[in-house]
Amino acid sequence: MSQYFLSFLFLTLCTLTFQSMAEDRNQLIKIGVLAHRGHDEALKRWTLTADYLSQSIQGYDFIIKPKSLKSMKQAVEDNLVEFILTNPGNYVDLEASYGATRIATLKVKQRDRAFTLFSAVIFTRYDNHDINKLQDLRGRSFMAVNPKAFGGFQMAWLELKQVDIDPFEDLSALEFSGFPQDNIVYAVASGKVDAGTVRSDTLERMDSEGSISIKDFKILNRQHNDQFPLIHSTRLYPEWPFAKLKKTDDQLAQKIAVALLTMLPQSEAAIVSRSEGWTIPLDYTPVHEVFKKLKIGPYAEIDKITFEKVIEQYSYYILLVLITLVALALVIIYITRTNHNLNLTQTNLRTEIESRRKAQAELAKHRDTLEQNVIKRTRELADLNKELQDDIFARKAAETSLKKSSNTLQTMHEITSSRHMSFEGKVDSLLRTGCSCFGMGYGALLQIKNNNILILRTVSAENIFTRGTLFDKNKLFSNNLTVDSDPLIIKNASNDEKFKQHFQHLELGIDSYIGIPVIVSGSLFGYLEFGSTHANNMPNSLIEIDMMLLISQWIGGEIQRQQAQENAQKHQADLAHVARLGTMGEMASGLAHELNQPLTAIVNYTRGCVRRLSAKSIENLPSIVEAMELSCSEAERAAEIIRRLRELVNKEMPRREPNDINNIIEVVIKLLQPKIKDKHVSILRELTKNPPKVYVDRIQIEQVLINLMNNAIDAMKDTPILKREIIIQSRYDEEIVQVKVFDRGSGLPNNMRSDVFEPFFSTKNEGMGMGLSISRSIMETHNGSLNAEQRELGGSIFSITLPIGNEDN
Amino acid sequence: MSKHNVYVVDDDQAVRDSLRWLIESVDLNVKTFSNGQELLDNFEETEISCLVLDVRMPGISGLDLQQRLKKMGSKVPVIIVTGHADVPMAIQAMKAGAFDFIEKPYSDQLLLERIQCAIEQDDCFKKQQIINNEINQRIDSLTPRELEVMGLVVSGHSNKSIAKELGVSIKTVEVHRGNLMSKMQAKSLSELVRLVMSSSRTTIKE
């Protein structure tokens, strides 16, 4: 506000200064010019016209004030300019709003002709066969100069509106390029937009400049007019007007009109302004029509005015009248009311005196009854107080129970998530927790075995059950539970008809009982049972029932997980066994040879003995004994080989024990010795000293190493004999033991490195290609890994790792 | 007379030692080696002997060793033993001139009998070689003319036709003939023919 005020003050001061200057010199007349192409361009085009006017009219100096559409309006409103020179659209806006009046119309020079009318062209690319008339523009993209540009958009808008197209709604895109308009022509030519509109003569000008060819464009809604030979698509509108403002001196306006009309076409001012001077002011109603039809500019609110406008205009008077009327009415009502009230008060006072007297008598009477009521009420309150105390006590009990449940839950969580307890240990702890939580003497996990029930685990302060005992199923009350039974709670046997008659009460002396079914894989595995030889007087909240369910669900889930794990292990063991049988087959001939050695030796020794004994050469007795000893140790050697073989083909559940990895390596080398010899491979051991024990199934790890060694040997079948060397290396760190097998074979092409572990992948002619796949699964069940890499200078490296540690790993 | 030698090459010590035990029971001298190279370093060609080789050995295999000995010109009989015999291997061994091919575990009887046979063969061969050497020495002592005359005599020419052939007198032929008969220590024509036939000097045989 203060800003506006200051600027106003400043401008007023300026005006005063100019006026005072004009008294000595010429009066300064400001012409606001629409600078639609920028400030400088406007000055360049019109300064000579201002100079022309200054020369033509004595006593005045004219200057050009370039204005944007917005600042033009402000300048007119604040009377900062005396004349305006603007486009027809802006002019009619100012005419309608501020009473501007045109005094001349510009004769624009185009194609060496003067035009006082102009129009707009709506066009598309010549080869756009989808758009042939204005109606076809619906749903197309369109480009114009600026939403407020008269020739650059609004003219076309009206034409589109006539064919029922709202450019802001019905086009797929409406873009505004700003000046120069040439951009629109280029955008249409390049296909960036489907169609566009520009001021008339733009296409002709660009064509003559050589930047486009008019033939490349199709003109929509083309109009023909003998007086206006330029290409155009809209109706014709008068060119820019020179206009005076409402307050501008009419005589000065006349002088200017004369000066403008007499401006010669060849004058410099005309040439620079790209015109042939000025003509008499044309009729701007077509422009008004455009604005009315489009409901923009001065006609934007045309439909809404009337009542509100009137109210706004006369609001002061209306308000004043209304206030007076209301004030009058209030005064009248007040006076009437007061009169009426005075009368009423008089009557009321009389009645009141009467009633007070009555009330006094009544009060005396009531005082007695009140005393009695107070005593009664006091008694009631005392009762209520006691009730409240009871309530508080009950709440406290509930709170204690909740706290207990929370503690129990905490304990259960600690038990189930313990890393150090076995499953059995966890079950026992849970049973113990259950006992103390539910106030029971014993807890047991029962397993159904056909017609019997097995006491799988039990914890007890009262020796009811012994672990491992088998009961006839009818002797245990839990037998009544089914898969979807809720926890069954019997607080006191004498209150339960069925339990009272049951073996468990009669023979085992159990008075209170809780039974919950244990579900494994959707079927009834057994029961969780708690009980006591005493009646149970502990309240059982819903939380405790949830707790029972929680324990039974955890146990069921854990058993299910164990079963699944056992199945998986068995499956894996089966697979490994099958693979071992395969390996055995491959190794059979080599092993036969291996077995032949001790057999041959035995035969040799014994036959040698027999010969000597038959020859009765008794003097050889000591050496015969020695030979027999040697023969025996050879027999043991044969037995050892057979035992190794047996172990390899044995089908047993994997048995994990602490093993020295170096021992396993030695056994494997022994088993493969025939093949190693046969293929002339040398083995180089790089074994670490005293590696930590690994907790593994020995047979399976042997199988993996046999596999790796076998592969290493096979891989070197094309390697020169002298280079056939396998390095077997063991090493360890804090966490793992690692064995690496290096060969000098053909190596692993990069793209095959991960394939080798796929089942049925093989580079050998014989063999199933299961070896590495099974080996990897064996390593994974041992929480280890099996990896392959290319060896520098040829060959490959296979490595296995195993975690160091105990059973838990 | 000293005991004949049996060379045993096997990489398995138990097999080696037990073979020694077995073979020594038939009064043969046993020399054992754990690999082929060791044998080649210690082998005495001149003694009557036989070889027992295991096919599957590190370094030089039994078959390779047999080939090498053959290339060296040795005629020593070789018995190949193998833990896992297969037909191609047997054929290869026999083609290379193995004396026999025995599969482990073998009966001692068979092995010892084959060893005996091999040694007899070698004994025979060596004796023959000695005789051959003797005959060759006698042949070497003949003058070229005597050698020429002997060739013609052995091929059945009469003194007369020899004289005509060589362009000398019958008397001269008779002198040569008398000399060569005594140098060859042949008492009759038929003995001379037998000596020449058993000689390894092929040049005079036609």
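This is a selection-by-selection tour of a predicted model.

**The nonpolar core**

Begin in chain A with Ile31(A), Phe83(A) and Ile84(A). Within the largest nonpolar core, which has 72 residues, these three touch the most other members. Next select helix α5, residues 150-162 of chain A; six residues of this core come from α5, the largest share. Now colour chain A by domain, with domain 1 as 18-113 + 241-299 and domain 2 as 119-232. Both domains give residues to the core, so the core lies between them.

Return to Ile84(A) and show its contacts, leaving out neighbours within four places in sequence. What remains is Gly32(A), Met72(A), Val76(A), Leu94(A), Ala100(A), Ala243(A) and Leu245(A).

**A five-stranded sheet**

Select β7, β8, β9, β10 and β11 of chain A. The five strands form an open sheet with mixed pairing, and their order across it is β9-β8-β10-β7-β11. Which strands stand at the edges? They are β9 (173-176) and β11 (217-220) of chain A; each has a single partner strand, so one side of each is left without a neighbour in the sheet. On average, and ignoring direction, neighbouring strands here are turned by 30° against each other.

Inside the sheet, look at β8 (residues 141-144) and β10 (residues 195-199) of chain A, which pair in the parallel sense over two bridges.

Helix α6 of chain A, residues 182-190, lies across β7 (120-125), β8 and β10 of chain A and runs at about 155° to β10(A). Helix α7 of chain A, residues 202-209, also packs on the sheet, where it touches β7, β10 and β11 of chain A. The direction of α7 makes about 90° with that of β10(A).

**Two residues with positive phi**

Most residues other than glycine have a negative phi. Select Lys295(A), whose phi is positive, near 50°. Lys295(A) lies in the loop between α10 (285-294) and α11 (307-416) of chain A. It has 13 C-beta neighbours inside 10 Å and therefore counts as partly exposed.

Move on to Asn450(A), which is not a glycine but has a positive phi of about 50°. Its loop connects β15 (442-449) and β16 (452-460) of chain A. Is Asn450(A) buried or exposed? Asn450(A) is exposed, because 6 other C-beta atoms lie within 10 Å.

**Strand β20 and its partners**

Select β20 of chain A, residues 523-532: eight of its ten residues are buried. Strand β19 of chain A, residues 512-520, also pairs with β20(A) in the antiparallel sense, over nine bridges.

Centre the view on Gly526(A) in β20(A). It is the bridge partner of Gln447(A), and Val518(A) stands opposite it as well. Finish this stop at the hairpin formed by β19(A) and β20(A), which has two residues between the strands. Ser521(A), in the turn, has a positive phi of about 50°.

**Where chain A touches chain B**

Finally, show both chains. Here 22 residues of chain A are in contact with 16 residues of chain B. On chain A's side, the elements that give two or more residues are α15 (542-614), α16 (621-649) and α17 (661-678). The most come from α15(A), with 16 residues. Coloured by class, this side of chain A shows eight nonpolar, eight polar and six charged residues.

How values were computed
Residues numbered from 1 in each chain as written. Chains lettered and ligands numbered in written order. Predicted model: local features only at pLDDT ≥ 70, side-chain atom pairs only at ≥ 80, totals over all residues. Core = buried A, V, L, I, M, F, W, Y, C linked by C-beta atoms within 7 Å. Buried ≥ 20, exposed ≤ 12 C-beta atoms within 10 Å, placed from the backbone. Helix = DSSP H or I, 4+ residues; strand = E, 2+ residues; numbered from the N terminus. Domains from an automatic or database assignment. Contact = placed C-beta atoms within 7 Å. Nonpolar A, V, L, I, M, F, W, Y, C, P; charged D, E, K, R; others polar. Pairing = 2+ DSSP bridges. Axes fitted to C-alpha atoms, helices over the stretch in contact; angles between N-to-C directions.
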